[in-house]
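Student: Hi, I have just opened this one and would like to be walked through it. Could we take it piece by piece?

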Amino acid sequence: MAKVFTIVNQKGGVGKTTTAINLSACIAIAEKSTLLIDLDPQGNATSGMGIDKRALISSVYDLFADPPQPIEAVVQKTNIKYLDIIPANINLVAAELELVERADREVFLREKIASIRDYYDYIVIDCPPSLGLLTLNALVAADHLLIPIQAEYYALEGLSQLIDTIKLVQQSLNPQLTIGGILITMFDHRLNLARQVVDETRNHFRDKVFTTIINRNVRLGEAPSYGKPIILYDIGSTGAENYISLTEEVLRI
């Protein structure tokens, strides 16, 4: 049965989608059957995998539509063996409004995923930068959370609100949910401030912080514009090395 990892932080620009794409690709390259679910209406994980989000015939929105499509009908193959994706585009904005009316609005995604968990080793969910109903569904559907934070001044801002939300979900809707790890991203070793953020994060969250740090890397920033994860775009880059190292840690969870 698949382990479900949700990549979450209500702040934007912290590396959620970059992590979702590259972690999924690295797990698949390790020959683990993997499903990436793009749950962000911006559809950046979709385009980052080389799929035209404006030309989708079906998407994750169709899971939430009335009537909903079977999840098997919206899964697509990618160019990477062992990696499938449920893509997203701007249509997903409507899903949040439609979920409000449903009695099962918090557990809807978990129930959808249940029918395909035996088909995969890992499911990775990329969340939008908010704590709305889509993100709540991703928290309820997950076994483990991966929280990226940027190695900059406001890194920990808002994290307490996210931790409070996680505790509420653990108490009421998903008691098995754990924080798989906090991932420091966009690290620039030349900056004292970045090193201070790393120290502060490790002092506060201790063993919950991944050993791997994602360094700021030009090739990592370029890869999405070519519709490729970094491991296919430039396997010799620092970004590829970082995400391979992160994957080794995640596979031990």
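**A walk through the model**

Tutor: We can begin with Ile57, which lies in the loop between helix 2 (44-48) and helix 3 (61-64), where helices (H or I, at least four residues) and strands (E, at least two) are DSSP runs, numbered from the N terminus. This is a predicted model, in which local features need pLDDT of at least 70 and side-chain atom pairs count only at pLDDT 80 or more, while totals for chains, interfaces and linings use all residues. Residues are numbered from 1 along each chain as its sequence is written, and side-chain values use heavy atoms, with hydrogens and water left out.

Student: Ok, and is Ile57 buried or exposed?

Tutor: Ile57 has 85% relative accessibility, so it counts as exposed; buried means under 20% relative accessible area, exposed over 50%, and partly exposed in between (1.4 Å probe, protein chains only).

Student: Which residues cover the two faces of strand 4?

Tutor: Leu83 and Ile85 are on one side and Asp84 and Ile86 on the other, all of them buried. In a regular strand the side chains alternate between the two faces of the sheet.

Student: Now the helices: why is helix 6 called largely enclosed?

Tutor: Eight of the nine residues of helix 6 (residues 133-141) are buried, so the rest of the structure largely encloses it. Helix 1 (residues 16-29) is likewise largely enclosed, because 12 of its 14 residues are buried. Just after helix 1, Glu31 takes a positive phi of about 65°.

Student: What about the largest core, which members touch the most others?

Tutor: Of its 53 residues, Val60, Phe64, Ile123, Ile125 and Ile147 touch the most other members; a nonpolar core is a set of buried Ala, Val, Leu, Ile, Met, Phe, Trp, Tyr and Cys residues joined through side-chain atoms within 4.5 Å. Helix 6 gives the most to this core, with six residues. Apart from it lies another core, of 32 residues, among them Cys26 and Ile214.

Student: Last one, how many aromatic pairs are there?

Tutor: The structure holds three aromatic pairs, for which rings of Phe, Tyr and Trp (its six-membered ring) need centres within 6.5 Å, and planes under 30 degrees apart count as stacked, over 60 as edge-to-face and the rest as tilted. One of them is the stacked pair of Tyr226 and Tyr233, at 5.0 Å centre to centre with 25° between the planes. Tyr226 is exposed, at a relative accessible area of 55%, whereas Tyr233 is buried, at 17%.
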